[in-house]
Amino acid sequence: MGEVQKEWTEDAIASLFADCGRRFHVKLMKDRATGENQGYAFLEFQNHADASAVLNAYKERVAPTGRRFVLRWGGGHGGRALNAMESQQQQQQPPQGGPPYGAGPVGPPPNGMMPGGGPPGP
């Protein structure tokens with residue numbers, strides 16, 4: 001989830017999806033030094049179907065404050081973001097060629113470094 005407002009907390013983000021009818025976990029990314037949110041969060045779902053349904057249902061929604069937020073498939077862990085809840089419960093692999101289960105950040109990390117420690121490519 002991108003375009004997260006600075007004053008939002010994990011609970012505030014969870015409340016945006018309260019009516020989705022799906023179990024999920026919010027991980028708001030925060031600056032280690034200041035504790036301020038960095039403008040993006042990860043939403044983790046129990047399975048691909050739940051993540052896909054929420055992504056499709058909420059991708060055009062606007063927050064109660066009138067500001068639009070961004071949802072898209074997240075990456076990581078070798079190009080696929082495994083949902084921690086599903087991984088623990090079922091130990092299943094995601095469908096081959098399918099998108100990851102988490103809706104993640106938009107753009108490069110705020111520190112300008114890409115996963116693996118290198119700077120962004122050209």
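**Salt bridges in a predicted model**

Biologist: Is aspartate 50 buried or exposed?

Modeller: Aspartate 50 is buried, with a relative accessible area of 15%. Buried means under 20% relative accessible area, exposed over 50%, and partly exposed in between (1.4 Å probe, protein chains only).

Biologist: What kind of model is this?

Modeller: It's a predicted model, where local features need pLDDT of at least 70 and side-chain atom pairs count only at pLDDT 80 or more, while totals for chains, interfaces and linings use all residues. Residues are numbered from 1 along each chain as its sequence is written, and side-chain values use heavy atoms, leaving out hydrogens and water.

Biologist: Ok, which side chain meets aspartate 50 in a salt bridge?

Modeller: That's arginine 22, at 3.0 Å, N to O. The pair ties together parts 28 residues apart in sequence, because arginine 22 lies in the loop between H1 and S1 and aspartate 50 in helix H2. Helices (H or I, at least four residues) and strands (E, at least two) are DSSP runs, numbered from the N terminus.

Biologist: And what counts as a salt bridge?

Modeller: A side-chain nitrogen of Lys or Arg within 4 Å of a carboxyl oxygen of Asp or Glu.

Biologist: How many salt bridges are there by this rule?

Modeller: The count comes to 3.

Biologist: Which residue does arginine 61 pair with?

Modeller: Arginine 61 forms a salt bridge with aspartate 19 (3.8 Å, N to O). They sit 42 residues apart, linking distant parts of the chain. Aspartate 19 is exposed at 57%, and arginine 61 is partly exposed at 36%.

Biologist: What about arginine 67?

Modeller: Its side chain meets that of glutamate 3 in a salt bridge of 3.5 Å, N to O.
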